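Here is a walk through one protein model, from the whole chain down to single residues. Keep the structure open as you read.

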Amino acid sequence: SGGGEPLIYPKIASCINKLVANNIDVGVITNGLYLPNYVLNSLTLCKWVRFSLLQPNAKQFSEITGTSLNNHRIICNNIHKLTAHSKNISTLYVSASYMTNTGFDTLGLLYDFLCLAHKLNIDQIFLKRLVNNFMLNEEVSKIYSENIEQISKLAERLKIVTNIKKYISIDNNKYKRREAREPCDILRMNLIGLIDAKGNYY
């Protein structure tokens, strides 16, 4: 991931195969819009594949991405294609990102996303924030922190792992200098930031 969509690279299957053959764990983050059949066998060799599904329905997906309503359907179909292809392979972990802090967050949308993930046989959902100038909407954070037990219970009943506890623990400082050995919030929040040669990030 990073620098473009990995699955459009024509040699991605052979790259994954070579890495796995040399005992290197592989994970892939994809927007899920392009999943050619020749890549399926190689993806089942990965430790995990994460799709940027982002929202439970096409309307909200289109609103935050600025793309076609049809893209959400394509991503869902491709997730189903992979989970159906790998249903007897216990080593592959399929996950999907859910975008919060969008301006229309509700608990109902998250519940709908969990139910959609269950329908698609997704193993995990990964909550991440849509951040504008590194500022977060605290009201949105309350939706999740005040309902963590209900969210966790529904996820457990659907047999879906979430990062909800880590998600609500992330602070929302505008800028921060990382101390030695302190976890990098840029990586924890799945953001792109500026990291200098000394390890400071902005």
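**A tour of the fold**

Start where a helix ends: H5 is followed by Asn 121, whose phi is positive, near 65°. We return to H5 below.

This is a predicted model, so local features need pLDDT of at least 70 and side-chain atom pairs count only at pLDDT 80 or more, while totals for chains, interfaces and linings use all residues. Residues are numbered from 1 along each chain as its sequence is written, and side-chain values use heavy atoms, with hydrogens and water left out.

The protein has nine helices and five strands. Here helices (H or I, at least four residues) and strands (E, at least two) are DSSP runs, numbered from the N terminus. Read from the N terminus, the elements run α-β-α-β-α-α-β-α-β-α-α-β-α-α. Of the 202 residues, 43% count as buried. Buried means under 20% relative accessible area, exposed over 50%, and partly exposed in between (1.4 Å probe, protein chains only). Among contacts between residues at least 6 apart in sequence, 66% join residues at least 24 apart. Contact means heavy atoms within 4.5 Å.

How far can the model be trusted? pLDDT is the predictor's confidence in each residue, from 0 to 100. The protein averages 83, and 77% of the residues score at least 70. Among the elements, H4 has the highest mean pLDDT (97) and helix H9 (residues 185-188) the lowest (53). Over residues 171-175 pLDDT stays under 50. The model has nine contacts beyond four places in sequence for that stretch. Where pLDDT is low, the predicted coordinates should not be read in detail.

Now the sheet. In which order do the five strands lie? The open sheet runs S1-S2-S3-S4-S5, with parallel pairing. S1 and strand S5 (161-162) are the edge strands, and each pairs on one side only. Two strands pair if DSSP finds at least two bridges between them. Strands of a sheet pair through backbone hydrogen bonds, either parallel or antiparallel.

Take the strands in turn. Strand S1 (residues 27-30) and S2 pair in the parallel sense over four bridges. Ile 29 stands opposite Arg 50 in S2. Between these strands the chain passes through helix H2 (residues 37-43), and this β-α-β crossover is right-handed. That label means that, with the strands pointing away from the viewer, the path from the first strand over the helix to the second runs clockwise.

Why is strand S2 (residues 48-54) described as largely enclosed by the rest of the structure? Six of its seven residues are buried. On to the next neighbour: S2 and strand S3 (residues 93-100) pair in the parallel sense over five bridges. Trp 48 has Tyr 93 in S3 as its bridge partner, and Phe 51 has Ala 96. Helix H3 (residues 58-65) packs on the sheet, touching S2 and S3, and its direction makes about 90° with that of S2. Helix H4 (residues 70-85) also packs there, touching S2 and S3, but its direction makes about 160° with that of S2. Axes are lines fitted to C-alpha atoms, for helices over the stretch in contact, and angles run from 0 to 180 degrees between N-to-C directions.

Look next at the loop between S2 and H3, the place of Gln 55. Is Gln 55 buried or exposed? At 1% relative accessibility, Gln 55 counts as buried. Leaving aside neighbours within four places in sequence, Gln 55 is in contact with residues including Gln 60, Phe 61, His 72, Tyr 98, Phe 104 and Phe 113.

S3, H5 and S4 make a right-handed β-α-β unit. Helix H5 (residues 107-119) has 13 residues and reaches 19 Å from its first C-alpha to its last, close to the 18 Å expected at 1.5 Å a residue. The expected span is 1.5 Å times one less than the number of residues. Among the buried residues of H5 are Leu 109, Leu 110, Phe 113 and Leu 116.

Six bridges join S3 to S4, which run parallel. Ala 96 has Ile 125 in S4 as a bridge partner. Strand S4 (residues 124-129) is mostly covered, with six of its six residues buried. In a regular strand the side chains alternate between the two faces of the sheet. In S4, Gln 124, Phe 126 and Lys 128 point one way, and Ile 125, Leu 127 and Arg 129 the other way. Two bridges then join S4 to S5, which run parallel. There, Gln 124 stands opposite Val 161 in S5.
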